[in-house]
Amino acid sequence: AEHIAMRCERRAQRLERCYTQFGAYDAADCAIADGEEIASGEGFYLLTVAVADAATYTLTAAPQGPQENDEDCGSLGLTNTGERSITGDGELERCW
């Protein structure tokens, strides 16, 4: 999960740069867009970008392939406020 957590944080940084530059996460000139999906290099996670409006986004990394049955962490989530979440039964700190 550590590798995908870094990917989430990199995407969040890109969105924050977009907000700083254009004043909105959903600006047309942003390099990352609502609905964008990024597969991890190993194929263990699919990262989805959800930009709800100009001021809100959520990144979700859903387990795929051999990682799909991960009951400890499940999907990882990261919002524009920095809130981190998991859908699994494990400990947030261990998953992130």
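A disulfide is taken here as a pair of cysteine sulfur atoms within 2.5 Å. The model is a predicted one, so local features need pLDDT of at least 70 and side-chain atom pairs count only at pLDDT 80 or more, while totals for chains, interfaces and linings use all residues. Residues are numbered from 1 along each chain as its sequence is written, and side-chain values use heavy atoms, with hydrogens and water left out.

Two disulfides turn up in the structure. One of them joins Cys73 to Cys95, with 2.0 Å from S to S. This link is left-handed, with -95° about the S-S bond. Cys73 sits in the loop between β3 and β4 and Cys95 in helix α2 (residues 92-95), so the pair ties together parts that are 22 residues apart in sequence. Helices (H or I, at least four residues) and strands (E, at least two) are DSSP runs, numbered from the N terminus. Both cysteines, Cys73 and Cys95, are buried, where buried means under 20% relative accessible area, exposed over 50% and partly exposed in between (1.4 Å probe, protein chains only).

Cys18 and Cys30 are also joined by a disulfide, at 1.5 Å from S to S. Here helix α1 holds Cys18 and the loop between α1 and β1 holds Cys30, so parts 12 residues apart in sequence are tied together. Cys18 and Cys30 are buried as well. Counting the bonded cysteines in sequence order, the pairing reads 1-2, 3-4.

Next come the aromatic rings. Rings of Phe, Tyr and Trp (its six-membered ring) pair if their centres lie within 6.5 Å; planes under 30 degrees apart count as stacked, over 60 as edge-to-face and the rest as tilted. That gives two aromatic pairs. Tyr25 and Tyr57 make an edge-to-face pair, 4.8 Å from centre to centre with 85° between the planes. Tyr25 is in the loop between α1 (2-22) and β1 (37-39) and Tyr57 in strand β3 (residues 56-63), so the pair ties together parts 32 residues apart in sequence. Ring pairs link Tyr19, Tyr25 and Tyr57 into a cluster.

Tyr57 shows up again in the largest nonpolar core, which has 21 residues. Such a core is a set of buried Ala, Val, Leu, Ile, Met, Phe, Trp, Tyr and Cys residues joined through side-chain atoms within 4.5 Å. Leu15, Val49, Tyr57, Leu59, Ala61, Leu76 and Trp96 touch the most other members. At least two residues each come from α1, β2 (45-53), β3 and β4 (76-79), and α1 gives the largest share, five residues.
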